[in-house]
Amino acid sequence: MSDTQVLFKDMRLHINKLHQYFPESMHSFIDTYNYLCKHTEIISGQYMLPNFMDWDLLNDQDLCSLIDQIPILPEKILPTTQLEDNGQPLLFIPFNDKYFISRELPYTNTEVYIDDCFVLTYVYQGSCTVVIDGRRHDMNAGELCLLSPRVPRSRSLTETDVILSIFIEKDTFNKTFLKMLQGNHNLTEFFQRTLLHSEKGHAFFMLPLNTESKQVFQHMFQETVHTDHYSQNMFLNYLEILFTLIIRSHGDTYTYYSQKPASKAIIMLPHILQYISDHYKTVSLQALADTFHYERSYLSKLIHQNTGKTFSTILNEIKINHAIDYLTHTELGFSIISEMVGYNSADHFSRVFKQYMGMSPREYHKKH
């Protein structure tokens with residue numbers, strides 16, 4: 001790489017310096033980059049790109065030092081457009097990549113703006129404040145926000161906060177994320193409604209920072225900086241692993257947000273749906289409401305508004321899907337299967353099965 005003149009470190013230090021002298025001012029990424037291009041000595045010849053495989057996972061400062069060495073490529077910087085949403089001015093930030101991962105710069109993007117891609121923002125260290133559709137969320141270490149395109153947002157962080165953001169082109173996100181949810185139709189439908197079919201979808205998670213998650217970030221940075229013919233496939237493979245870790249961490253998410261007095265019901269819904277899937281044999285709407293500390297009628301309405309289905313429909317679909325698996329792959333009797341999937345009697349099981357599948361369990365077994 002030749003004629004590289006601005007590194008992430010240059011941007012970070014300059015913006016920090018600007019903030020010291022003008023703490024109330026907004027600091028533009030593009031303006032800062034253009035200023036540094038004019039006033040920074042050009043590095044000619046071959047520049048040594050940082051090797052993220054050298055990162056000592058036990059040393060977080062190692063990661064920050066490597067990120068500081070990433071060059072800011074001019075072709076990645078697109079001009080922003082001033083838009084208006086319900087009379088509110090905002091910036092539109094275009095996106096011309098399929099993916100990349102970066103560290104967020106402090107004291108920038110404090111004004112309202114929208115991205116033309118999906119964004120995963122992870123608080124690696126410290127904290128930050130995000131305002132999404134006018135609602136403020138104070139995020140702490142380990143929290144992750146998954147945001148769909150064109151959602152008005154702003155954020156605030158300081159120079160000591162380490163916030164990682166992953167940007168993913170819309171079609172790439174759809175294919176990668178929904179593939180991970182194929183085994184859980186309730187979560188799939190929830191995310192389709194809130195993230196894909198809605199222009200203003202977002203979801204919060206708690207993803208513990210450990211060796212496993214650090215390795216995913218390590219490889220994502222490596223494939224972003226050291227690109228070759230296989231980089232896209234490699235990055236998307238690690239993105240799938242990250243999504244798997246997010247889904248697998250639903251217990252950590254529930255524990256964290258259930259203890260926050262100001263937690264929003266919509267934040268908890270993916271984990272409510274996961275709880276139904278995990279306890280489908282015995283769970284009732286009242287037991288679910290008691291577990292998550294909601295009024296029964298409120299929880300019923302919440303589920304229906306955000307999935308398009310009632311609690312009973314969701315529960316029966318889960319039971320029927322498990323029953324189909326038994327009918328297709330085993331020779332178990334129908335009364336045993338009905339008990340295994342949580343029905344009180346074989347007759348009740350048969351009636352519900354025919355209602356959903358258009359045939360009796362016996363007919364389905366013969367056919368398949």
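Is D116 buried or exposed?

Guide: D116 counts as buried, at 18% relative accessibility; the cut-off for that class is under 20%. The model is a predicted one, and every value here is computed from it.

The side chain of D116 meets that of R150 in a salt bridge, with an N to O distance of 3.6 Å. In general, side chains of opposite charge can pair when their charged atoms come close.

Strand 9 (residues 153-156) contains R153. R153 is buried, at 6% relative accessibility. Leaving out residues up to four places away in sequence, R153 touches E111, V112, Y113, D115, V119, T121, V131, I132, L147 and F167.

F167 is also one of the contacts of E104, a list that includes R155, L157, I163 and S165 when neighbours within four places in sequence are set aside. E104 is found in the loop between strand 3 (99-103) and strand 4 (113-115). E104 is buried, with a relative accessible area of 7%. Its side chain makes polar contacts with two of these residues: one of 2.5 Å with the side chain of R155, and one of 2.5 Å with the side chain of S165.

For context, the structure holds nine salt bridges. Among them is the pair of D68 and R12, at 2.7 Å from N to O. This pair links distant parts of the chain, with D68 in helix 3 (residues 60-68) and R12 in helix 1 (residues 8-21), 56 residues apart. D68 is buried, with a relative accessible area of 10%, and R12 is buried too, at 14%.

Another salt bridge joins the side chains of E212 and R248, at 3.9 Å from N to O. Here E212 belongs to helix 6 (residues 211-225) and R248 to helix 7 (residues 231-248), 36 residues apart. E212 is partly exposed, with a relative accessible area of 40%, whereas R248 is exposed, at 58%.

Conventions:
Residues are numbered from 1 along each chain as its sequence is written. This is a predicted model: local features need pLDDT of at least 70, side-chain atom pairs count only at pLDDT 80 or more; totals for chains, interfaces and linings use all residues. Side-chain values use heavy atoms; hydrogens and water are left out. Helices (H or I, at least four residues) and strands (E, at least two) are DSSP runs, numbered from the N terminus. Buried means under 20% relative accessible area, exposed over 50%, partly exposed in between (1.4 Å probe, protein chains only). A polar contact is a pair of N or O atoms within 3.5 Å; within protein, one must be able to donate a hydrogen and the other to accept it, and residues adjacent in sequence count only if both atoms are side-chain atoms. Contact means heavy atoms within 4.5 Å. A salt bridge is a side-chain nitrogen of Lys or Arg within 4 Å of a carboxyl oxygen of Asp or Glu.
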